[in-house]
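Please read them with the structure open.

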Amino acid sequence: MLKIENLHASVEGKDILKGLTLTVGAGEVHAIMGPNGSGKSTLGHVLAGRPGYTVTAGTVEFLGQNVLEMETEERAHLGIFLAFQYPVEIPGVSNMEFLKASVDTMREQRGLTPLDAVSFMKQAREACAAVDLELDFLKRGVNEGFSGGEKKRNELMQMMLLEPRLAVMDETDSGLDIDALQVVAQGVNTMRAADRSFILVTHYQRLLEYIEPDFVHVLAGGRIVRSGDKTLALELEEKGYAWLEDEVA
Amino acid sequence: MPNFMEQALDYAQSNAPVWLQPTVSEGRQLWEKQALPTRKTEAWKYTGVHNLRQPYAVGESTAVALKDLSLSLPDLDAHRVVFINGHYRAELSSDELPQGVELVRFAQATAEQSAEIAKYLGTIVSKHDHVFASLNDASLTDGVFLSVAPGIVVDKPIQLVWITASQTAAFTTTQRLLVLAGANSSATVIEHFAGVRGEQAAFTNGMTELLVQAGATLEHYRLHLEEGAAMHVGGVHARLLANATLNSFHLALGSVLKRIDVVVDFQGAGAHCELNGVYLPRGEEHIDYHTCLEHAVPHCTSSETFRGIVGDSASAVFNGRIHIHRDAQKTRAELSNKNLLTSTRAEVNTKPELEIYADDVLCAHGATVAQLDETALHYLRTRGVSKAEAEVMLNFGFINEVVDGVRLDTLRAYLRPLLALRFSRDPQLARHLA
């Protein structure tokens, strides 16, 4: 489904990703862990086509298509979704308008007719309930004045409404209390499907207690330095990252 | 003083009702003594009036029907009074008025009514500070006096519409409104200016005076929807007595020249004013709002928010002055002006001006000029929204907070789609906003 080969990327002239290679098959859940500054978030932003993130070498193929040549919205249409570590506040644009615009566009891209207002409301209500957000949040500005946890749940709600083929969750678990973490985990678990893959970027093994990954990778110095199954996460929890960094060095 | 207004002034002198003639002559004398502002006049530094210097015909009482104006007036469920090119149009106006509301046209005032009007007319605006106020006096042949009796609560809004329709040559019209909101009354007044796009310049000189008496609440809207070659120079001058409330909302779409002065004079303790506005010039258009809050007495509050989006080669001016006099202790005043430039050629000159002579007051002010937020744009695009639609949504979002503050539901419902379309010539891109 997703094939990243020898990806090099820089931000403001600084090389962050230095030869990252990763293959994600349909229906798989991959966890990416690693120390601060190793390039975890950069990977998500490069996949989403954020301005200022320059790919200097390598390829990214998603569903057989060259993603790197696509505009951000085209990548979204193809089914790539990034749950932001720091979701953007947009005062003046209501969550509802935003979600409707987004869902309509995605449906259009899939050759479906736009949802009528009633059906959309029904879906939005269900999604709100699933992530434990009050309906009131639909009327508020996008992420405006939301707490950290509410922002993360809003990201999850968007994912549920947009039904992507690949969801990259960038530290969706950080800053969440245990209840919120369970809500997020449950959301991801119910979305797991044979044709939908996940990349979970996380610092902590804790999330993986609730979402069982098929693969765990360690990103250090802009490359994946170790891959394994979920036991790797436990090992990291116990030993930290230093031993790996030493090994690589 | 240049004589480009001569025709209109002569017309006023021979056509003004007798009781108004002293006002007209006095206005003319003053106008002819005063100099037109230049770029060296501080309050006109960024707004040139050179476009005004052309001979104007007088607005004609044309027989044009509303449907021929290719302009539809919104149904705001309001009592409506319509003028076209300065002339009252009975067939477009409602003849009934709510109880306790008196609406008198200057041209038709009885002796008793004219005496009442003369008592207030010109007492709220300072003709010496505002050269176009003396021009307004000098050009008067008609006007509207709206009086709400003490204690009356008017349920329906009162909508005053001034339309400029194309004539064969450049022409001028004069708008004048005097509102007397009686003690403890409550009413909503909508001033609605619209034009029909034409090659000929229509210069409107508008002047509104609002006297909000003790304990009264006035909801006031002034919509400048004239576009194209239209020019509008004028203003709203309000005086608030004790515990009066004025909520005043302003909107200006661009045209060749718009200059609106809004002056609120606090003359009674406990008065409150909320002043909000939105201006949206594009193309080569120019809009200038000069607001001034004169806090002369203690215990008054004011809150002011203006937002502007300036596109293409357009320009805007916002000057927000708050003047807190020595006696105005315990004043609370806040002012915010934010601007969005959507093109590298767009220009805005914003200046908050605080002048405080009292020592126990709470004041805050701020002004910003920015471009569209790239991270917000990117965020919307990661959710599949096209760049073009995301830009329209963000533009609208920038003014939406102010538009959402419009209390009158019917008006908000009318404005939202109108403004959403303002940011896109393709209605598809505004489909999620209306």
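**Notes on the model**

1. Confidence. Chain B has a mean pLDDT of 92, and 96% of its residues reach 70 or more. This is a predicted model. Its overall scores are ipTM 0.96 and pTM 0.90.

2. The sheet of chain B. An open sheet of 10 strands is found in chain B, and its pairing is mixed. Follow the strands in the order E3-E2-E6-E8-E10-E12-E14-E16-E18-E20. Which strands of chain B sit at the edges? They are strand E3 (87-88) and strand E20 (362-370), and each pairs on one side only.

3. Strand E8 of chain B. Strand E8 covers residues 186-195 of chain B, and nine of its 10 residues are buried, so the rest of the structure largely encloses it. A residue counts as buried here when 20 or more other C-beta atoms lie within 10 Å of its own. E8(B) has a parallel partner in strand E6 (residues 158-164) of chain B, joined to it by seven bridges. In that pairing, B:Ile163 stands opposite B:Ala194 of E8(B). Strand E10 (residues 217-224) of chain B is joined to E8(B) by eight bridges, and these two strands also run parallel. There, B:Ile190 stands opposite B:Tyr221 in E10(B).

4. Strands E16 and E18 of chain B. How many bridges join strand E16 to strand E18 of chain B? There are 10, between residues 301-310 of E16(B) and residues 332-341 of E18(B), and the two strands run parallel.

5. Helix H6 of chain B spans residues 387-404. H6(B) lies across strand E14 (272-280), E16 and E18 of chain B. Relative to E16(B), the helix runs at about 160°.

6. Helix H4 of chain B. Is helix H4 (residues 131-139) of chain B mostly covered or mostly exposed? H4(B) is mostly covered: nine of its nine residues are buried.

7. Chain A overall. Chain A has 10 helices and 12 strands. The radius of gyration of chain A is 18 Å, close to the 18 Å that the globule rule gives for 249 residues, so chain A is as compact as a globular protein of that length. Along the principal axes, its C-alpha atoms fill a box of roughly 55 × 40 × 35 Å. Buried residues make up 47% of the 249 residues in chain A. Of the contacts in chain A with a separation of 6 or more, 71% are between residues 24 or more positions apart.

8. The interface. In all, 23 residues of chain A are in contact with 22 residues of chain B. On the chain A side, helix H2 (72-78), strand E7 (90-94), helix H3 (95-109) and helix H6 (148-162) each supply at least two residues. Which element of chain A gives the most? That is H3(A), with eight residues. By class, the chain A side has 12 nonpolar, seven polar and four charged residues.

How values were computed:
Residues are numbered from 1 along each chain as its sequence is written. Chains are lettered from A and ligands numbered from 1 in the order in which they are written. This is a predicted model: local features need pLDDT of at least 70, side-chain atom pairs count only at pLDDT 80 or more; totals for chains, interfaces and linings use all residues. Two strands pair if DSSP finds at least two bridges between them. Helices (H or I, at least four residues) and strands (E, at least two) are DSSP runs, numbered from the N terminus. Two residues are in contact if their C-beta atoms, placed from the backbone, lie within 7 Å. Axes are lines fitted to C-alpha atoms, for helices over the stretch in contact, and angles run from 0 to 180 degrees between N-to-C directions. The radius of gyration is taken over C-alpha atoms; the globule rule is 2.2 Å times the number of residues to the power 0.38. A residue is buried if 20 or more other C-beta atoms lie within 10 Å of its own, exposed if 12 or fewer, and partly exposed in between; C-beta atoms are placed from the backbone. Ala, Val, Leu, Ile, Met, Phe, Trp, Tyr, Cys and Pro count as nonpolar, Asp, Glu, Lys and Arg as charged, and the others, Gly among them, as polar. pLDDT is the predictor's confidence in each residue, from 0 to 100.
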